[in-house]
Amino acid sequence: MQPSRPSSTAAAPPPSVDPFDGDAALAAAAAACADEPIRVPGSVQPHGHLLVVGSASAGLPVLSASAGSAAALGPAAAAGARLPDLSPQLASLVAAVAAGEDDQATTTEPVELPPGSGRRHHAVAHRVPDQAGAAAVVVLELEPAAGDEGSARPWHLQLPTVLRRLQDAGSVLDLAEGLATGVRHLTGFDRVMVYRFDEEWNGEVLAEDRREDLEPFLGLRYPASDIPAQARALYARQWLRIIPTATYLPVPLEPAQPTGAPLDLSLAVLRSVSPVHLQYLRNMGVAASMSISLMHGDRLWGLIACHHYAGPHRPSVPVRTAAEFLGRTASLLLPVVVGREADQDVVAAARVRARLTELLAATPDLPLEALTRESVTIADLVPCGGAALRVHGELRLLGAAPPPSVVTALSALLSDEPLVTSSLAAAAPGVVGAGGAGGAGGDVAAAGGVDAREVWEVASGVLAAPVSGGQPGDLVAWFRPEVLQEVTWGGDPRSSKVVLDDDGGGGLRLSPRHSFEAWSETKRLTAVAWAPHEVEAALGFAQHLSDSMLREVERTNRLATALQQTLLLEKLPDVPGLDLAVRYVPHSDDVVGGDWYDIVPLSDGCTAVVLGDVAGHGLAASAISAQMRNALRAYVLATRDPGQALERLNELVTRLLTGELATAVVVVVDPATGRARVANAGHPPLVVRAGDGAAQLVDDGLRGPAVGLIDEVEYTAAEVALEPGGALLLYSDGLVEERRSEWAERLQRVITTASSSAGSLDALCDQLMRSVSARADDTTVLAVGWVPGG
């Protein structure tokens, strides 16, 4: 359904009846139009004849023929006859196609039918594969060579000039203008347009060549509904379609279903077209039309739309073949020309990406600073108004960007897939409302109560991708502001109507709009669309950033593992008189954490057992843990007193490690007596297990504040007596950090588990670790048993 408007000589369109006013009726009729079985019309146009031929093994029988074929071509062109009886030359052509030697074939010279009549016909045959239980057949189309119309200048003399112009095209516009001029001179149509589809399948007249008295259509747009999806699918399969007269009466096939099912005429040149499309042409005042597909790869890019107003028009088969050749050639050149236009921008983006890659490589542990603080930033990668980068949960905005709450809402949308849109309001209405469109106001974006106008004024267009290797919600995004677009349509696209069908059955059909006068509207909430090379550059760098961060995570984990080896004893020492066991599991998101433990032999024969936990996870927490472990080890050796050792550690942290917090417990055990002194700095209370297995908390009232919380503090030590067969249990808060129960309930769970029978301290540690239902932190369990005389 090609775009156009009526010329001054257009006949008045037929009156229509509009018995329905509701949008529902219009929507239903539009849906019916979109679902119309245009591939299987059961009829053909009258400017030629169509025969359906069966298999060669059956003698190439004529299974069906368009009405009037036998009268025009001879009795052998009727259903029930054999094609060899009509023409041995045509029989050979069809047999080759039936054998699969080629999907389509045509005669090099017209065939005289009936023989001796002097009436010559062009012939083309194509194979219709098996479908819906019907056997494969060959469709043979015959079109009279007499009456061929076209330019006075032979087509083969015109092609070289047109081809040179196409090859020299430096832009898509140059290519389109060359096509419009070349095809019009070749075919003799009154108007030839090159029609390009946008992302939503609306069309725009990019170039045209026309009769001087016709008003220009250049720059007009036409809605996607003018060419429904199923029609576009046929254009993608069949390169050329012609309607020599828009007022023809369809010629039925006899019989209508030669294979027992509707015959697929998708590739038939003579296929009858939709009555709605014919009405569309008549409404436009178009007497004849032809279209040639333009493909960009395997996607329908546009059409060469040809219209004639003076009356019926049928360029000759050789001329149409030459025009199709130009369309195919232009399609091959399209990727080159489109790429050539984008080359300059691609090179610029590549330079910026190279610089960003250098900056990121120089400081891989500080991606936020590397990509947002230098002279070149992520905002320079693609043309945009602003950008956002969120790494490890920290967000930084550059240029004109939406509020942080909107960026956070965007990150929730991304998941594992990028977002590329020129209209955020349409793509993600839950993130931003459409307030302000057309001058209206008051709508509010869903993200944090932000006025929607604040969003789409800077971020109608969004190109965003998730970033891996950090925290959930990390992303990189580019934003474009709203651009008011004055769009001129070929007629009001909303003016189609529902009318009663002409067959008198009371059914409804869609009647195309009657006016194609220029009709303008202002489009809002839309930004300049992201070009393919811009999307490629942005998403490519987002992937590079993710890869870099993942590599940094691996490097950090390796460093953390090495550091953890300094915090956790590779093997517990053999201490005479004591039985020791330990279990440690880091936070689920980290290789290492903030927990540390130590066994320190003292000069008086006692042994200090230490367990600490620095706030935080990962490499940073491990580094602080290493400093505190070494310091506390020195203080324990110097004082041999658990309370004094913790006091000195607190002084160190408050003076030199400002802002850091840790809990710690120090136990000094005398292996000779089994007596232990315990000092606790904010750590969970210890559990003592008696020799008979009964367990209880060590006096929780002796716990002091966490290390680093208060400048000056005194820690009091408690006395605990160990019994043979019993144990003192130290553990970090990961064992009792579940949020779904009360603190007392969680402590009771530890006591209950510690009271259960266990064959050894190792087994007891395992039982305690299994009692953790949801590990939200590093978890350490350290058990100390007394072995008299050991």
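This is a predicted model: local features need pLDDT of at least 70, side-chain atom pairs count only at pLDDT 80 or more; totals for chains, interfaces and linings use all residues.

Me: Let's start with strand β28: how many of its residues are buried?
Reply: In strand β28 (residues 675-681), 5 of the 7 residues are buried, so the strand is mostly covered. Buried means under 20% relative accessible area, exposed means over 50%, and partly exposed lies in between, using a 1.4 Å probe and protein chains only. Strands are DSSP runs of E with at least two residues, helices are runs of H or I with at least four residues, and both are numbered from the N terminus.

Me: Good. Which strands does β28 pair with?
Reply: Strand β27 (residues 662-670) pairs with β28 in the antiparallel sense over 7 bridges. β28 is also joined to β31 by 4 bridges, again antiparallel. Two strands pair if DSSP finds at least two bridges between them.

Me: Which residues face each other there?
Reply: Val665 has Asn680 in β28 as its bridge partner. Arg677 has Glu719 in β31 as its bridge partner.

Me: And what is going on in the hairpin of β27 and β28?
Reply: The hairpin has 4 residues between the strands, and Gly674 takes a positive phi near 80 degrees.

Me: Which residues other than glycine have a positive phi?
Reply: Trp201 is one of them, with phi near 70 degrees. Trp201 sits in the loop between β8 (191-197) and β9 (203-210), and counts as partly exposed because its relative accessibility is 22%. Another is Arg640, with a phi of about 55 degrees. Arg640 is in the loop between α15 (618-639) and α16 (642-656), and its 34% relative accessibility makes it partly exposed too.

Me: Where are there cis peptide bonds?
Reply: One runs from Leu113 to Pro114, with omega near -15 degrees. Pro114 lies in the loop between β5 (111-112) and β6 (120-128). Another joins Glu254 and Pro255, where omega is about -5 degrees. Pro255 is in the loop between β12 (251-254) and α8 (275-284).

Me: Zooming out, how many helices and strands are there?
Reply: The chain has 18 helices and 33 strands. Of its 790 residues, 51% are buried.

Me: Can we look at a sheet? What is the strand order in the one with β24?
Reply: The order is β24-β33-β32-β29-β30, an open sheet of 5 strands with antiparallel pairing. β24 (578-585) and β30 stand at the edges with a single partner strand each, so one side of each has no neighbour in the sheet. On average, neighbouring strands here are turned by 20 degrees against each other, direction ignored. Axes are lines fitted to C-alpha atoms, for helices over the stretch in contact, and angles run from 0 to 180 degrees between N-to-C directions.

Me: Which helix lies across β24?
Reply: Helix α18 (residues 761-770) does, and it lies across β29 (687-689), β32 (727-731) and β33 as well, running at about 30 degrees to β24. Contact means heavy atoms within 4.5 Å.

Me: How is β24 held to β33?
Reply: The two run antiparallel and are joined by 8 bridges, with β33 covering residues 779-786. Val582 has Leu782 in β33 as its bridge partner.

Me: Last topic: is Arg184 buried or exposed?
Reply: Arg184 counts as buried, because its relative accessibility is 18%. Arg184 lies in helix α6 (residues 172-187).

Me: What is Arg184 in contact with?
Reply: Leaving aside neighbours within four places in sequence, the contacts of Arg184 include Phe189, Asp190, Val192 and Asp209.

Key
Residues are numbered from 1 along each chain as its sequence is written. Side-chain values use heavy atoms; hydrogens and water are left out.
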